[in-house]
Amino acid sequence: DPYVPAPLIQRLGLREGLLLSGPLEQVRKGDANKDDIDMLIGAFNVTEALAIMGKGHDWLAEINQGQTALWELSRRGVANGMRFIMTAKQWEALKLVMDLHEVQLANATVHDIEKAHDFVQSVIRQGRARAIIQAKKEIA
């Protein structure tokens, strides 16, 4: 298992002792809640950022597919009263990204992970991230 120091766990909003594959397992079983989905979103965002920074750049297409699968799963879950049920195709995409994430963490430094987190926060602040819940003007 990749080691992530406690201060970084707190900075990234992770819960100590929680393997990120736990939320994916909850989704697989059909028992995921909002916290599980939020954990996956955070992990997938860091995965994409690390790939953009050169750690797994050749997997960007697959990461994008996983991000899209998670986005679709999340939107459908919110629309269905926070019931997050995935399709088999989404499972394949989600599992691949989680596997990539674990390999990235095993090969990344704390500095790499912090840079990836900062990159993700910058994208969110700039309004370039895909929202799960649409603003009212987007729906109209």
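## Helices α3 and α5

Helix α3 (residues 34-52) packs against α5 at an angle of about 65°, and their axes are 9 Å apart. This is a predicted model, in which local features need pLDDT of at least 70 and side-chain atom pairs count only at pLDDT 80 or more, while totals for chains, interfaces and linings use all residues. Residues are numbered from 1 along each chain as its sequence is written, and side-chain values use heavy atoms, with hydrogens and water left out. Helices (H or I, at least four residues) and strands (E, at least two) are DSSP runs, numbered from the N terminus. Axes are lines fitted to C-alpha atoms, for helices over the stretch in contact, and angles run from 0 to 180 degrees between N-to-C directions.

α3 passes α5 in a left-handed crossing; a crossing is left-handed if the near helix is turned anticlockwise from the far one by less than a right angle, and right-handed if clockwise. On the α3 side the contact (heavy atoms within 4.5 Å) is made by Leu40, Ala43, Phe44, Val46, Thr47, Leu50 and Ala51, and on the α5 side by Leu94, Val97, Met98, Leu100, His101 and Gln104. These residues divide into 10 nonpolar, three polar and no charged. Here Ala, Val, Leu, Ile, Met, Phe, Trp, Tyr, Cys and Pro count as nonpolar, Asp, Glu, Lys and Arg as charged, and the others, Gly among them, as polar.

## Gln104 in helix α5

Gln104 belongs to helix α5. Its relative accessibility is 7%, so Gln104 counts as buried; buried means under 20% relative accessible area, exposed over 50%, and partly exposed in between (1.4 Å probe, protein chains only). Apart from neighbours within four places in sequence, Gln104 contacts Thr47, Leu50, Ala51 and Lys55. Among these partners, Thr47, Leu50 and Ala51 are also part of the contact of α3 with α5.

## Helix α4 and its partners

The axes of helix α4 (residues 60-79) and helix α5 (residues 88-107) come within 8 Å and cross at roughly 125°. The two helices are therefore oblique to each other. Angles under 35 degrees count as roughly parallel, over 145 as roughly antiparallel, 65 to 115 as roughly perpendicular and the rest as oblique. α4 passes α5 in a left-handed crossing. From α4, the residues Glu62, Ile63, Gln65, Gly66, Ala69, Leu70, Glu72, Leu73 and Arg76 meet Gln90, Ala93, Leu94, Leu96, Val97 and Leu100 of α5. By class, this contact has nine nonpolar, three polar and three charged residues.

α4 also packs with α3: their axes come within 10 Å and cross at roughly 160°, which makes α3 roughly antiparallel to α4. The crossing of α3 and α4 is left-handed. Ile37, Leu40, Ile41, Phe44, Asn45, Thr47, Glu48, Ala51 and Ile52 of α3 meet Leu60, Ile63, Gly66, Gln67, Leu70, Leu73 and Ser74 of α4. The classes in this contact are 10 nonpolar, five polar and one charged.

Met82 lies in the loop between α4 and α5. Most residues other than glycine have a negative phi. Met82 has a positive phi of about 65° although it is not a glycine. With a relative accessible area of 36%, Met82 is partly exposed.

Gly22 lies in helix α2 (residues 21-29) and is partly exposed because its relative accessibility is 26%. Gly22 and Leu40 are 18 residues apart in sequence, and their C-alpha atoms are 9.5 Å apart in space. Asp35, in helix α3, counts as partly exposed at 43% relative accessibility.

## The chain as a whole

The protein chain has seven helices and zero strands. Of its 140 residues, 34% are buried. Among contacts between residues at least 6 apart in sequence, 67% join residues at least 24 apart.

## Confidence

The chain averages a pLDDT of 79, and 77% of the residues score at least 70; pLDDT is the predictor's confidence in each residue, from 0 to 100. Confidence is highest in α4, at a mean of 91, and lowest in helix α7 (residues 136-139), at 41. Over residues 15-19 the pLDDT is below 50, and this stretch has seven contacts in the model beyond near neighbours in sequence. Residues 134-140 are also below 50, with two such contacts. Where pLDDT is low, the predicted coordinates should not be read in detail.
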